[in-house]
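Hi,

Here is the structure I promised to pass on.

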Amino acid sequence: MIKPAEVAHKYMESFFGQAPLESMETLLSENLIFEGPFHRFSSAKAYLEALKVDPPNNVSFEMEEVFEKEKSVCFVYQFSKPGVKTRMVETFEIYGGKICKIKLVFDTKAFI
């Protein structure tokens, strides 16, 4: 059985451009719930469409800590893009090898 951290790491590779953005689709449950400071989505389709409209370009991350449980994982990392650097915390709930819920937390002031 694939561990939650492995699934979440594949998501990060896709989001941050180390793998094609389209590869994220196979990692997400259809009824994905995404909650972040700027956006909320209640389906993988809506989330993926938003990423296609406004793709994450010139972004990178440096992992600081990983906390893993049986069906969830939490990443603490430094997010960077031109003009922005901030710590982010992202949790993933994973069932049947698919990400069902993502919670993203960060200080939005870094983006102003």
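This is a predicted model: local features need pLDDT of at least 70, side-chain atom pairs count only at pLDDT 80 or more; totals for chains, interfaces and linings use all residues.

In which sense do strand S5 and S6 pair, and over how many bridges? Strand S5 (residues 84-95) pairs with S6 in the antiparallel sense, over eight bridges. Pairing here takes at least two DSSP bridges between two strands; strands are DSSP runs of E with at least two residues, helices are runs of H or I with at least four, and numbering goes from the N terminus.

Residues are numbered from 1 along each chain as its sequence is written, and side-chain values use heavy atoms, with hydrogens and water left out.

Back to S6: Glu93 has Lys101 as its bridge partner there. S5 and S6 make a hairpin with two residues between them, and Gly96 in the turn has a positive phi of about 60 degrees. S6 (residues 98-106) also pairs with strand S1 (residues 28-35), this time in the parallel sense over four bridges, and Phe34 is bridged to Ile102.

Asn58 is not a glycine, yet has a positive phi of about 55 degrees. Asn58 sits in the loop between helix H2 (44-53) and strand S3 (60-68).

As for disulfides (cysteine sulfur pairs within 2.5 Å), a search of the whole structure finds zero. Cys74 is in none, as the nearest cysteine sulfur, that of Cys100, is 17 Å away.

Cheers
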